[in-house]
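Here is a colleague's note to be read alongside the sequence and the coordinates. The points are numbered so that they can be taken up one at a time.

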Amino acid sequence: MPNCPRCKKAVYAAEAVHSLNRDWHGPCLLCANETCKSKRLSASQHFQKDDLPYCKPCYRNLFGKPDDYAQGIGL
């Protein structure tokens with residue numbers, strides 16, 4: 001059974017949200033920006049950078065307009 005990348009606790013199949021090739025607890029899949037950590041993300045509605053999830057506004061503010069490769073996840 002995999003552990004959640006954020007809280008490190010076991011993720012059971014019934015509660016798993018698969019994103020960035022890992023299983024997360026839904027409430028643990030948050031924007032990686034320190035000032036935006038309260039923003040919950042869905043598995044298909046965020047960008048990634050260095051294996052971390054970012055909401056669309058934070059990604060654009062921190063890294064500029066995403067290209068198709070950086071997006072990697074449907075937005």
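How many disulfides does the structure hold? It holds zero disulfides, a disulfide being a pair of cysteine sulfur atoms within 2.5 Å; point 2 returns to the cysteines.

1. Basis of the note. This is a predicted model, in which local features need pLDDT of at least 70 and side-chain atom pairs count only at pLDDT 80 or more, while totals for chains, interfaces and linings use all residues. Residues are numbered from 1 along each chain as its sequence is written, and side-chain values use heavy atoms, with hydrogens and water left out.

2. Cysteine 7 is in no disulfide, and the nearest cysteine sulfur, which belongs to cysteine 28, is 3.9 Å away. Cysteine 31 is likewise in no disulfide, with the sulfur of cysteine 58 as the nearest cysteine sulfur, at 3.7 Å. As for burial (buried means under 20% relative accessible area, exposed over 50%, and partly exposed in between, with a 1.4 Å probe and protein chains only), cysteine 7 has a relative accessible area of 30% and is therefore partly exposed, whereas cysteine 31, with a relative accessible area of 0%, is buried.

3. Overall architecture. The protein has two helices and four strands, and from the N terminus on its elements follow the order β-β-β-β-α-α. Helices (H or I, at least four residues) and strands (E, at least two) are taken as DSSP runs and numbered from the N terminus. Of the 75 residues in the protein, 36% are buried. The exposed surface comes to about 4,800 Å², and carbon and sulfur atoms supply 50% of it; these accessible areas come from the Shrake-Rupley method with a 1.4 Å probe, and for residues only the protein chains shown count as cover. Among the contacts in the protein with a separation of 6 or more, 30% are between residues 24 or more positions apart, where contact means heavy atoms within 4.5 Å.

4. Aromatic residues. The structure holds four aromatic pairs. The centres of the rings of tyrosine 54 and tyrosine 59 are 6.5 Å apart and their planes stand at 70 degrees, so this pair is edge-to-face. The rule behind that label is that rings of Phe, Tyr and Trp (its six-membered ring) pair if their centres lie within 6.5 Å, with planes under 30 degrees apart counted as stacked, over 60 as edge-to-face and the rest as tilted. Tyrosine 54 and tyrosine 59 are both buried, and together with Phe47 and Phe63 they form one aromatic cluster. Lysine 49 lies over the face of phenylalanine 63, at 5.3 Å from the ring centre; a charge sits over a ring if NZ of Lys or CZ of Arg is within 6 Å of the ring centre and within 35 degrees of the ring normal.

5. Histidine 46 and serine 19. Which side chain does the side chain of histidine 46 contact? Histidine 46, in the loop between strand E2 (22–25) and strand E3 (47–49), makes a polar contact of 2.7 Å with the side chain of serine 19, a residue of strand E1. A polar contact is a pair of N or O atoms within 3.5 Å; within protein, one must be able to donate a hydrogen and the other to accept it, and residues adjacent in sequence count only if both atoms are side-chain atoms. Both partners are buried, histidine 46 with a relative accessible area of 0% and serine 19 with one of 3%.

6. Positive phi values. Asparagine 21, in the loop between strand E1 (16–19) and E2, has phi near 60 degrees, a positive value in a residue other than glycine, and counts as exposed because its relative accessibility is 73%. Aspartate 51, in the loop between E3 and strand E4 (52–54), has phi near 65 degrees, again positive in a residue other than glycine, but at 48% relative accessibility aspartate 51 counts as partly exposed.

7. The loop between E2 and E3. Serine 38 lies in this loop and counts as exposed at 73% relative accessibility; serine 38 is 10 residues from cysteine 28 in sequence and 9.7 Å from it in space, C-alpha to C-alpha. Threonine 35 is also placed in the loop between E2 and E3 and, at 74% relative accessibility, counts as exposed. The C-alpha atoms of threonine 35 and cysteine 58 are separated by 9.1 Å, although the two residues are 23 residues apart along the chain.
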